[in-house]
Amino acid sequence: LNKRFITYNTHHRPYVILKWAQTMGNPAYIGYLPSKDYYPLNISTPFTKMLVHKMRAENDAILVGKTTEELEQPQLTVREWSGPSPEKLVLTSQPTKAGEYATPAEVLSHLYAEKKQSLIVEGGAKTLQSFLDAGLWDEIRIESAPFTVNEGIEAPKLPENIRVVKVEKYVNTIVTYERA
């Protein structure tokens, strides 16, 4: 909670957590896209899904990109944990309705004005990479499954200025990074 409060008051934006699940391998994939048909790639286990819902209950807002919103129609709610669901936002090049924003900076300005201290960015790859490229992140949480696939949507590229702060080993491994 202190990290969120300090980031909000020092940087005048919410604390940003980038979160994704990926396969093992190089490259790692976050989604499966054979030919022209989209298929979600189930990476998380029931236990790690519950942990994600717990994390959602502990944060103020959650964001995905327009492609993820259109293809998967994610609920982004707290269904497998007790607590409030975060505010759902969508990053899109042409915002047309409430809750849609064109840039990461616009999202963060909106949340700061609404006094929201934390944001989870769940994807997709372009959305996550846009926050990485803009340097608008505080924590990265990656769940890696113990399997590989031969094609798909590649996971975002991690920045160089990071350090591991936590490793959780279940069937899947969850690694949390912060800025070095």
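Analyst: A residue counts as buried when its relative accessible area is under 20%, as exposed when that area is over 50%, and as partly exposed in between. The model discussed here is predicted, and those limits can be applied to its residues one by one.

User: What makes E178 and K3 a salt bridge?

Analyst: The pair qualifies when a side-chain nitrogen of Lys or Arg is within 4 Å of a carboxyl oxygen of Asp or Glu. In E178 and K3 the closest N and O atoms are 2.7 Å apart, so the pair is a salt bridge. E178 belongs to strand 10 and K3 to helix 1, and therefore the bridge ties together parts that are 175 residues apart in sequence. The accessibility of E178 is 14%, so this residue counts as buried.

User: How do you know whether K66 and E100 form a salt bridge, and which parts of the chain would they tie together?

Analyst: The N to O distance between the side chains of K66 and E100 is 3.0 Å, and a distance within 4 Å is what the term requires, so they meet in a salt bridge. K66 lies in helix 3 (residues 66-72) and E100 in strand 5 (residues 100-101), so parts that are 34 residues apart in sequence are tied together. With a relative accessible area of 7%, E100 is under the 20% limit and is therefore buried, whereas K66, at 24%, counts as partly exposed.

User: What is the N to O distance between K116 and E87, and where do these residues lie?

Analyst: The side chains of K116 and E87 meet in a salt bridge at 2.8 Å, N to O. This pair links distant parts of the chain, since K116 is in the loop between helix 4 and strand 6 (118-123), while E87 is in strand 4 (residues 87-91), 29 residues apart. Salt bridges that share partners also occur in this model, joining K3, R163 and E178 into one network. A search of the whole structure finds nine salt bridges.

User: Why is L111 called buried, and which residues does L111 touch?

Analyst: The relative accessible area of L111 is 0%, which is under 20%, so L111 is buried. L111 sits in helix 4 (residues 104-113), and, leaving out residues up to four places away in sequence, L111 touches P14, A61, E87, L89, K116 and L119. K116 and E87, two of these contacts, are the partners of the salt bridge at 2.8 Å.

User: What is the volume of the second largest pocket, and which residues are closest to its centre?

Analyst: The volume of the second largest pocket is about 400 Å³. Its lining has 16 residues, and M55, E58, E139, R141 and K166 are the closest to the centre. Helix 1 (2-11), helix 2 (46-57), strand 7 (139-145), strand 9 and strand 10 each supply at least two residues of that lining.

How values were computed:
Residues are numbered from 1 along each chain as its sequence is written. This is a predicted model: local features need pLDDT of at least 70, side-chain atom pairs count only at pLDDT 80 or more; totals for chains, interfaces and linings use all residues. Side-chain values use heavy atoms; hydrogens and water are left out. Helices (H or I, at least four residues) and strands (E, at least two) are DSSP runs, numbered from the N terminus. Buried means under 20% relative accessible area, exposed over 50%, partly exposed in between (1.4 Å probe, protein chains only). Contact means heavy atoms within 4.5 Å. On a 1 Å grid over the protein atoms alone, a cavity is a set of points where a 1.4 Å probe fits but cannot get out, and a pocket is an open set with protein on both sides within 12 Å along at least five of seven lines; lining residues have an atom within 4 Å of a point. Grid points are joined across faces, edges and corners, and a volume is the space filled by probe spheres set on the points.
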